[in-house]
Amino acid sequence: MQGWEVIIVLRAHILRSIGFGPKAPLRSSVLCFCGLLMIFGFAAVGTVASDPAKIVGPNACAECHKQEVEAWKGTHHFQTFREMPRRKEANEIAERMGVQRIRSETLCLSCHYTVQEKEKKQQPIAGISCESCHSAGEDWIKVHSQFSGKTEKTESKAEKEARWKLADSKGMIRPSSLYQLAKNCYGCHVVPKEDLVNKGGHAAGSAFELVSWSQGEVRHNTWHSKGKENVPASATHKRMLYLIGLGVELETGIRAVGQATVRKRYAFEMAKRVDQARKQLAAAAKAAPNVPEIAKMVEYSYSAGLKLNNERSLTAAADGVSKLLASITEKYDGSTMAGLDSLIPGPDKSKGKAREAGSLN
Ligand code: HEC
Ligand code: HEC
Ligand code: HEC
Ligand code: HEC
């Protein structure tokens, strides 16, 4: 079953004005942004839920996680703290947005920095750091690391399970919560902020893909190998990363289109992302027909028109995708998805270079 969709051909001049060359392959369902100006508040689409009052900062993690911290220091996420505000482009964006000081106004802080609140004052303390992805640590840092008051060897299996359950309930986002982790990546990397893109001239998101973007410079799987190896994702785990990544791209993109109020670059770019993601997911559905949830996600994405002034239906579609993603992460571990392998980008596509483990000692 195909959901309905408004399919109207965009005129070539509009395409050109938003940066699609006339030769760019025009896909069958080109997107239309009719619709009136919408008036509603801007709830952020995918903001990272890290309460500044509960941020402990990367130095606190470094006490035990030295290897992971060293890996992080080699990333753009670390460097952005110093380097971004020095760029001419950054200051131009800030000026267009009426931001006087990049490091003291929430707009840029929310994606480029880790902000800590101390004595009622908010301060950027690092770039995108541990807690930007694993969530603010204050409530779980002790729980997750104390082996239920015993030692690694004497803690029982039941105690260990209870410990992780408690850490999760206090907001810790662990590798096993792949969907939550991915939502954080896309919440920043889709750049779901209309004004920032249209008025500020900020990039309308990254050409993000979860396997290649997590397996390069960002990779820090050194803990469970006890610092011996920075373990690449296994073939089965890559399938999960690939599929969940595409699904979260779709979900985030649909929500982002839902916030579009004017026929400008933001709306077009976000709609283009959605269209691309659903085509890739349609290919994945064909390659792994034993995972019926994939085709259902695609169906949801066609159930609401990619147009202005359509937030309610788009949100419902995104919520549908979200439920499916949660159930995929519960039901599958990738072992039955070998069909996806030919679609997954190879190691040569990894974004940046992963740090080798062990070079600390
Ligand atoms: C006092 C030492 C200590 C500190 C400080 C600490 N951790 Fe840990 N961390 C551990 C231990 C121990 C484990 C492994 C527990 C296990 O395997 O059962 C762990 C495991 C983890 C894991 C992997 C969880 C999993 O499911 O495999 C993550 C992610 C993590 N820590 C993140 C952090 C972050 C982020 C911080 C800072 C906010 C931090 N840790 C601070 C000791 C610490
Ligand atoms: C919704 C998240 C988000 C917000 C808010 C945001 N950025 Fe970005 N920014 C990104 C992402 C993601 C990238 C990387 C884009 C890419 O992959 O090319 C980026 C890249 C940049 C770059 C180019 C890379 C670099 O570091 O030089 C500049 C400059 C920049 N942002 C400035 C700003 C400024 C100034 C603000 C505030 C006015 C801001 N950004 C707000 C997410 C955001
Ligand atoms: C850009 C997001 C991001 C940042 C920043 C980040 N992590 Fe992670 N972390 C992840 C992801 C994603 C995984 C799991 C990857 C996977 O499933 O293959 C992970 C896995 C881990 C693990 C488990 C490693 C293992 O051996 O299995 C630990 C421990 C950890 N992170 C700690 C940290 C600490 C400490 C910091 C800060 C220095 C940090 N992380 C910064 C996203 C991040
Ligand atoms: C809090 C916002 C935020 C989160 C969460 C986040 N990123 Fe980023 N990421 C950024 C920004 C901003 C940049 C650009 C930094 C710069 O160059 O100044 C970036 C840059 C990167 C780069 C370097 C890109 C390049 O140009 O080489 C990679 C790779 C990356 N992110 C991967 C990830 C992955 C994988 C995740 C999730 C596990 C993630 N990011 C989560 C904001 C974020």
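**A walk through the predicted model**

By class, the shell around ligand 3 has 12 nonpolar residues, 12 polar ones and 1 charged one, where Ala, Val, Leu, Ile, Met, Phe, Trp, Tyr, Cys and Pro count as nonpolar, Asp, Glu, Lys and Arg as charged, and the others, Gly among them, as polar. This is a predicted model, in which local features need pLDDT of at least 70 and side-chain atom pairs count only at pLDDT 80 or more, while totals for chains, interfaces and linings use all residues. Residues are numbered from 1 along each chain as its sequence is written, and chains are lettered from A and ligands numbered from 1 in the order in which they are written.

Staying with ligand 3, 25 residues surround it, the closest being His65, Cys130, Cys133, Pro175 and Trp223; a residue is near if its C-beta atom, placed from the backbone, lies within 6 Å. Helices H2 (58–62), H3 (66–73) and H7 (130–134) each supply at least two residues of that shell, and H7 gives the most, with 4 residues. Helices (H or I, at least four residues) and strands (E, at least two) are DSSP runs, numbered from the N terminus.

Turning to the strands, E1 (residues 114–118) and E2 (residues 121–126) pair in the antiparallel sense over 5 bridges, pairing being called if DSSP finds at least two bridges between two strands. Thr114 has Ala126 in E2 as its bridge partner. E1 and E2 form a hairpin with 2 residues between them, and in the turn Glu119 has a positive phi of about 45°.
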